Amino acid sequence: MDAQIVVLPGDGIGPEVTAEALRVLEAVARKGGHAFRFSEQLMGGCSIDRHGTALTPGALAACKASRAVLLGAVGGPKWDDPAAKVRPEQGLLALRKGLGVFANLRPVKVHPALLDSSPLKPDRLQGVDILVIRELTGGLYFGQPKGRDVRDGHERAVDTLEYQDYEVRRVVELAFRLARGRRRKVTSVDKANVLESSRLWRQVATAIGKADPEVALDHMLVDTASMRLVMAPASFDVVVTENMFGDILTDEASVLAGSMGMLPSASLGDGGPGLYEPIHGSAPDIAGQGIANPVGTILSAAMMLRHSLGLPAEADAVEAAVHRAIADGCRTRDLGGALQTSRMTDEILRRL
Ligand code: NAD
């Protein structure tokens, strides 16, 4: 396997955690005789400082020409002025759009040894293994018209929640495909009692469910889903939902695992390069101290092995090594331990 991988370390702890994930990918390449060619590009605040824009056309072109993109995190106090014309997150949006990644996958598993790190009662967390799939390029965040005007003497703001059937179909079909390799259960989350776009979503999901009876489909209203995620999180397998609903539910689900530093994500499109990043931000409060938890980024690299590089056994091996390291008590500071970022990776590599 020969693959070009673009690395966007970004800002804050981004460069610290991506460096650790690269060590793991290099170990996988060495063991399996693969050639991963890494090329580093700027994105976020560091790109604003150098080029005046969060993502240059050249960096985006490199990402588009690659097999997969590994991203650390972007942003920080230096670029946080809300009035600024150029902002680090613009790079993220441009990248997602440029790569056409319409599905954001966030797996949430709670390691048995970390049950006490979560704000939820341990008995609620037994067996939690959820894959939340958020539609990423449509819905309320992109629908037109959006904007401000004045109507009847009052200032008015408009956002539009719009979907076409094909946009729903491709993300729900992906949910079904991925459910087949898991516990074969899809929960489609909508607000069909109120929203027309949700009624279309439900109609499309129902048709896909009829065509694939081996996967159990249920529909759940988003308000009910937000409650059940904390009341009975182990009852979910694959959850698929609209962009803004997913934005909120994925953050809610991430709390189950105890630390932001533990969770990976993947954003996938139609066969183009996938985008892989931890769910956390640039953590400016701990940047430069070598104490960030690299696990979320290492598990993102495992998702890259599975979804973009066609190496599922290697992905399993990385995940198993992380699992064993945690089971053996290896902990960075966010998990109540004292291991430095690179020492945590050493422990994972020893078990790979
Ligand atoms: P954050 O995720 O950066 O940090 C939240 C808290 O979690 C902090 O206390 C931090 O120290 C801790 N934390 C996060 N990742 C950790 C890790 N790997 N190991 C140990 N502890 C970790 O969120 P924030 O503080 O709200 O945002 C900081 C900056 O990151 C902001 O500029 C924000 O815009 C940006 N951000 C970027 C992304 C992204 O690049 N995708 C996502 C979220 C936030």
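## Two domains in one chain

Seven residues of domain 1 are in contact with ten residues of domain 2. This is a predicted model, and the domain assignment of the protein divides it in an interesting way: domain 1 takes in 1–103 + 265–352, while domain 2 covers 119–257. Between the C-alpha centres of domain 1 and domain 2 there are 25 Å.

Let us turn to the strands. Ten of them form an open sheet with mixed pairing, and the order is E2-E1-E3-E12-E11-E4-E5-E10-E8-E9. E2 and strand E9 (216–221) are found at the edges with a single partner strand each, so one side of each has no neighbour in the sheet. Ignoring direction, neighbouring strands of this sheet are turned by 20 degrees against each other on average.

## Around strand E3

How many of the six residues of E3 are buried? Six of six, so E3 is mostly covered. E3 (68–73) pairs with E1 (2–10) in the parallel sense, through five bridges. Here glycine 10 stands opposite alanine 73 in E3.

E3 also pairs with strand E12 (residues 274–278), again in the parallel sense, over three bridges. In this pairing, leucine 70 has tyrosine 276 of E12 opposite.

## Around strands E5 and E10

Strand E5 (129–135) is mostly covered too, with six of its seven residues buried. E4 and E5 run antiparallel and are joined by seven bridges; arginine 106 stands opposite valine 132 in E5. E5 and E10, by contrast, run parallel and are joined by four bridges. Leucine 131 has valine 238 in E10 as its bridge partner. E10 (residues 238–241) then pairs with strand E8 (residues 185–190) in the parallel sense over four bridges, and serine 188 stands opposite valine 240 in E10.

Arginine 134 is worth a visit while you are in strand E5. Is this arginine buried or exposed? Its relative accessibility is 7%, so arginine 134 counts as buried, the cut-off being under 20%. Leaving out residues up to four places away in sequence, arginine 134 touches Phe102, Ala103, Asn104, Tyr141, Thr241, Glu242, Asn243, Gly246 and Asp247.

## Helix H9 and threonine 250

Helix H9 (residues 243–254) lies across strand E4 (103–109), strand E5, E8 and E10. Relative to E5, H9 runs at about 155 degrees.

Threonine 250 belongs to this helix. With a relative accessible area of 1%, threonine 250 is buried. Which backbone oxygen lies 2.6 Å from a polar atom of the threonine 250 side chain? That of glycine 246. Beyond its neighbours within four places in sequence, threonine 250 is in contact with Arg106 and Val132. Those two residues also stand opposite each other in the pairing of strands described above, with valine 132 in E5.

## Helix H1 and its cover

The buried residues of H1 are Gly14, Glu16, Val17, Thr18, Glu20, Ala21, Leu22, Val24, Leu25, Ala27, Val28 and Ala29. An α-helix has 3.6 residues a turn, so residues three or four places apart point the same way. What covers the buried residues of H1? Both strands and helices take part: the cover includes strand E1, strand E2 (35–40) and strand E3, together with helix H10 (295–307), helix H11 (312–327) and helix H12 (341–350).

Terms used:
Residues numbered from 1 in each chain as written. Predicted model: local features only at pLDDT ≥ 70, side-chain atom pairs only at ≥ 80, totals over all residues. Heavy atoms only, no water. Buried < 20%, exposed > 50% of the residue type's maximum accessible area, 1.4 Å probe, protein only. Contact = heavy atoms within 4.5 Å. Polar contact = N/O pair within 3.5 Å; in protein donor to acceptor, adjacent residues only side chain to side chain. Pairing = 2+ DSSP bridges. Axes fitted to C-alpha atoms, helices over the stretch in contact; angles between N-to-C directions. Domains from an automatic or database assignment.
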